[in-house]
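Okay, everyone, thanks for coming. Let me put this one up on the screen and walk you through it.

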Amino acid sequence: MAMYKLGHRHDDIKDAQQKLKNLGVFNYKNTTGYMGPQTEKAIREYQRARGIKIDGILGPRTKNMLDNETYAQTLITSPHVKGTPYEGILKEMYGKGNHAINLGKGGVTVTPEDVDQFHTNMENEIRPYYP
């Protein structure tokens, strides 16, 4: 994936703007696909809140976390996940911005790579319920 900086224009930027808008971080009225000062500021805010390198660049790490967080938020509200053990796990991951988290008294550490694998597994499990 490319690294998008101030002045760049791309559909990936437009997608990120919409996701940041949904999270309440990007407040510009339209998603344009242009990496201007407001988009850069929103990305910096997102990076700061998630504890990753704050550079205002939409690179692989930031985009991946944003995609995973958006995906987790969608799953949490899914009727096929609500009320299941997955709901609590997803809420924990979503609340932590997909950082390493500890689950239970055993101190099991879950890394971002584990989260990615979990998303893949969840998608495979719920796919039959969606057309």
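**A helix and what sits around it**

Let's start with α2: on the face turned away from its buried side you'll find the exposed residues Pro37, Lys41, Arg48 and Ala49. Quick note on words: buried is under 20% relative accessible area, exposed is over 50%, and partly exposed is in between, with a 1.4 Å probe and protein chains only. Helices (H or I, at least four residues) and strands (E, at least two) are DSSP runs, numbered from the N terminus.

And before I go further, this is a predicted model, so local features need pLDDT of at least 70 and side-chain atom pairs count only at pLDDT 80 or more, while totals for chains, interfaces and linings use all residues. Residues are numbered from 1 along each chain as its sequence is written, and side-chain values use heavy atoms, with hydrogens and water left out.

Back to the helix. Which residues of α2 are buried? Those are Thr39, Glu40, Ala42, Ile43, Tyr46, Gln47 and Arg50. They cover an arc of only 160 degrees around the axis, so they sit on the same side of α2; the arc is taken from the directions from the helix axis to the C-beta atoms. Just after α2, glycine 51 has a positive phi of about 75 degrees.

Buried or exposed? Glycine 36 is buried, at a relative accessible area of 6%.

Now the core. The largest nonpolar core has 15 residues, and Leu20, Met35, Tyr46, Leu58 and Leu66 touch the most other members. At least two residues of this core come from each of α1 (11-22), α2 (37-50) and α3 (60-76). By nonpolar core I mean buried Ala, Val, Leu, Ile, Met, Phe, Trp, Tyr and Cys residues joined through side-chain atoms within 4.5 Å.

Zooming out, the protein has 5 helices and 2 strands, and along the sequence the pattern reads α-α-α-α-β-β-α. Of its 131 residues, 38% count as buried. If you take contacts (heavy atoms within 4.5 Å) between residues at least 6 apart in sequence, 46% join residues at least 24 apart.

That's my tour, so over to you.
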